[in-house]
Amino acid sequence: MSIAPPPTPLPPPTPWKLKHLLGLEELSIQEITAILDTAESFGEVSKRSRKKVPALQGRIVFNLFFENSTRTRTSFSLAAKRLSADTQDFTASVSSLSKGETFIDTAKNIEAMGADVMVVRHPTPGAPHLLARHVSSSIINAGDGAHEHPTQGLLDLLTIRKKKKKIEGLTVGLVGDISHSRVARSNIWGLTKLGAHVILCGPPTLVPKCLEKLGCEVAHRLDDVMHRLDVVNVLRIQFERAAGGQFPSVAEYSHFYGMTQARIDMARSDLLLLAPGPINRGVELTPEVADGPNSAILEQVTNGLAVRMAVLHLLSGKFDQKPSEMGL
Amino acid sequence: MQTIQIQGGRVIDPSQNIDMITDVWLGRGRVLAIGGSSETADIVIDATGLIVCPGLIDVHVHLREPGDEPDETIATGAASALAGGVTSVACMPNTRPAIDNKGAAEFVVLQAQRAGKANVYPVGAVSKGREGLELAELGGLVEGGAVAFTDDGAPVSSASLMRRALQYALMFDKVIMQHCQVMELTVGGVMNEGFESARLGLPGMPAAAEDIMVARDIRLAEITGGRVHIQHVSTSRAVELISEGRRRGIRVSGEACPHHFTLTDECLKDFDTNFKMNPPLRTADDVAAVIDGLRDGTLELLATDHAPHAREKKLREIDQAPFGIVGLETLIPITVHGLVEPGHLTWPEVIRKLTIAPAELLGIPKGTLKPGADADVTIIDPNIKWKIDPTKFVSKSRNTPYGGWDVKGRAHTVIVNGEIRYTMPGVEHRNRSNPTA
C-alpha cells in the first residue's frame, strides 16, 4: 500500500492574469485559492472601525442587473465602496431596454461613461461572456441564468474553508433544483477542483443524471445521504426558472428535501449548513434549522463581501488591459 | 446564345453513371453533348484538374423575402447559391407573409426571374399561414410553381393535419417536407439536451423530440401512401427509423446538413450564437450516425438549411438570437472536410446527393447532363485551399460557425441555362469570337 505524499502548497498565481471573472469552470486551483486567501485578508478590513482601503480609488464599478437582486447587488456595491471605487447601479426595469435597445448597446453606453468594471446579472446563460467579447471593461458575472454565479461559489468555498479548515476530502451535499441553479454549477466546479466529494440531491426532474460526468455523485433520496455529509448547501427552488411541473407540489418537495431538524439529526453533529438565499423559510429550510447551531447563513453574507472585495482587487490590475493584448 | 466547351475536366454525372475525363458541350441553353461535338465553341473553359457536374441543387434554403429582407432577399440568396456552386434552390415558405397561396408562389418565381441568378423553386406551406390548423390551397400552390410542401421553421404538429396533407398531396405526386420536432418537449430550448446543456445551464431540446415525430410521420406515410421527406436529420435514432421505413417500402427520404455531420453540441461552450441552429447540434454519436446514414444511402440528399440572419439579430443573448446559419457558400468545402477527405463518400456519391437525388425528390427536370437537358453545370475545384471569410459572403448575412476555417474545395465556374453566372475570384473566361464581350 502506498501512502499519498502530503499536499504541497500551491504557488500563488503571480502575476494575476484574468481581466474577467465569468465562472469557476475556467479558473485554476491556484486562482481560486488566491481569491480565497485575498478574501481572508480583506475579512480583517471589515472588522476595523475604518473599513475603507484606497485600492480602487478613481475607478468606476457599474452594476448591470437585468434580474432582480438585492443582496448580491448591495454586496458588490459595498465591496466596491470599501475599496474606494465609485459605484453606479443600472437596473433593467428603468432602462431603455424596454424601448428595444439591445443588451450590447446598453453595455457599450455604460462603457462610454467610463466603467472600469461591469458587474452583470442576466437571466440568459453566457450573457456576461457576450459582453466580455464586445466591451473593454472588466466583466464580473453576478449570475447568468442557470449557468454560473462565481462569487457565490467562492463565498461558499470561503465559508467552508474557514469553518472546516479545509475543503479537500470533505463530502458536500448540494440539495434542490440543480438543473436551474447557477449556484450549484459554481459550487460543483469550485468544490471538485479543490478536492471535495460532491453529492447532488433532488428529484430526478431537477437533478439530471448526466451531471455525474462532472465528477459528482447523483442521489435522489436525501435521507440516504444525510449521514455522509460534512457540509450541506440547501439551494432555493427556482420558481422563476423552472418551466413548471417538475415536482407535484411544494409540500411534496418539502417533505422529501426540506431541511428539518429531524434530517439535521441524521447527520454528523458538526454538519455545516449553508444556504445561498434568499431562502423560502418552511420550504427548503425550517426556521429552527436556518437559525440553529449548524447554520452559517449569515457568515456567508459577511464572507460574500470579502470575496467580492478580493475579486475586484485582483481584477483591478487588468482593468486597463485592452482585449487585443489578451489575444482575443 | 454562345456555345461553351468545358474541356478536359473530370465529368461526374450520377444520373448516367458517368465519371470520366472528357468534354461537355453546351449551347442554346441545353447540354449538347458529352465528348465530341461538331459545333464551334465560343468559349472554351479549361477544366483540367476540375470536376464538372450537373448544377448542384439545394432543396432546403431560406431566402427571407418577403418580410425579412434585411437578412436576405431572393436575389441575394440566389446569388449566394451561385457562389456556393448551387444552380437550383428550393426555398422554404416561412416568410412574412408565408408562401401559402398561388400568388405568393408566383411572386417568388417572378423575383427569381428578375434576379437572373440561380433557379428558385418555391416550396409551399402545408397549412394556411403556417398555423398548423387548415390545409393551404396546395393545388393553387402547385399551379403557382410550388414543387413541394412544408411548414418548415415549425413542424406540422397535428397528426391529423399531417395525415391529410400526405393524402391530399398524392394528387400532385408532391412530397411533404417535415421539420420534425415535438414542440412540447422543446419549450425554451436553445441547444441539444444532454451533458453539455446541463453544464452550460441552457434549456435543452432532447433528441427524442425529433425521433418521435419522425416515427409518427413515417407511419402516417405508410397508411396514406404519401411521400414524406425528413428535413435536416440530426439524431441517430431518426436515421434508424428512416432506414427501417425505407426497407419496408414506405415513401420516406431524408436529408443531412453539413453542420450536422461536422459539429457537435460541445461547440456551444462559449455561447456563440453562430452554433445555435434547429435541429440543434447533437453529440458525436449522432454525427457518426448521420455520416453512416449518408454512406448507406438512408439519407439520400445533402441540403444546407441556409438560414441567414442579419448581424444584429444574432448579436443577442443566446436565448434571444434566432436559430440557423448561412449555408450555401460553405456547402462544398464543408462537405469535402466532413465527407470526402475522411473517405466517407466519394465525389460521385456526394454529387448524386446534390444533383439527381434532389431533382427526383422535387420532380424537377434538373440534375443531369443528358443531351437536351437544361445547361446547368457546376465546375468545382476540388483541391483549392482557401480560408472562409464571412465578410466576403455574397449572402446578405454573415452568421456562420465556419468563419476562419482553412478549407479545401470551391465552386470554380457556375453555369445556369447556358450562361456563365459565377466564376471564382481570379477566374476569367474569354469569349473567342468576341474577346471584348
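Predicted model: local features only at pLDDT ≥ 70, side-chain atom pairs only at ≥ 80, totals over all residues.
Student: Why is the pair of F66(A) and F90(A) called tilted?

Tutor: The ring centres of F66(A) and F90(A) are 6.2 Å apart and the planes make 50°. A pair needs centres within 6.5 Å, and stacked means under 30 degrees while edge-to-face means over 60.

Student: What makes F247(A) and Y253(A) an aromatic pair, and what kind is it?

Tutor: Their rings are 5.1 Å apart centre to centre, with 40° between the planes. The distance is within 6.5 Å and the angle falls between 30 and 60 degrees, so this is a tilted pair. F247(A) and Y253(A) also belong to one aromatic cluster with F256(A) and Y257(A).

Student: On to chain B. How do you know that the charged end of R410(B) sits over the ring of W386(B)?

Tutor: That charged end is 4.0 Å from the ring centre, and the distance has to be within 6 Å. The charged end of K276(B) sits over the ring of F323(B) as well, 4.6 Å from its centre.

Student: Why is α4(B) called oblique to α6(B)?

Tutor: The axes of α4 (residues 159–168) and α6 (residues 207–224) of chain B come within 9 Å and cross at roughly 45°. Roughly parallel would need under 35 degrees, and roughly perpendicular starts at 65, so α4(B) is oblique to α6(B). The crossing is right-handed.

Student: Which residues of α4(B) and α6(B) meet?

Tutor: On the α4(B) side they are A159(B), M162(B), R163(B), L166(B) and Q167(B). The α6(B) residues they meet include R216(B), D217(B) and L220(B).

Student: What makes V287(B) buried?

Tutor: The relative accessible area of V287(B) is 12%. That is under 20%, so V287(B) counts as buried. This residue lies in α9 (residues 284–296) of chain B and touches H260(B), F261(B), T262(B), L263(B) and T264(B).

Student: How far is V287(B) from T264(B) in sequence and in space?

Tutor: They are 23 residues apart in sequence and 7.3 Å apart C-alpha to C-alpha.

Student: What else does T262(B) contact, besides V287(B)?

Tutor: T262(B), in helix α8 (residues 258–262) of chain B, is also in contact with I334(B), H337(B), G338(B) and Y402(B).

Student: Why is α11(B) described as largely enclosed?

Tutor: Nine of the 10 residues in α11 (residues 331–340) of chain B are buried, so the helix is largely enclosed by the rest of the structure. Among those buried residues are I334(B) and G338(B).

How values were computed: Residues numbered from 1 in each chain as written. Chains lettered and ligands numbered in written order. Heavy atoms only, no water. Helix = DSSP H or I, 4+ residues; strand = E, 2+ residues; numbered from the N terminus. Buried < 20%, exposed > 50% of the residue type's maximum accessible area, 1.4 Å probe, protein only. Contact = heavy atoms within 4.5 Å. Phe/Tyr/Trp six-rings, centres within 6.5 Å; stacked < 30°, edge-to-face > 60°. Lys NZ or Arg CZ within 6 Å of the ring centre and 35° of its normal. Axes fitted to C-alpha atoms, helices over the stretch in contact; angles between N-to-C directions. Parallel < 35°, antiparallel > 145°, perpendicular 65-115°, else oblique. Left-handed = near helix turned anticlockwise from the far one by under 90°. Lists of a residue's contacts leave out its neighbours within four places in sequence.
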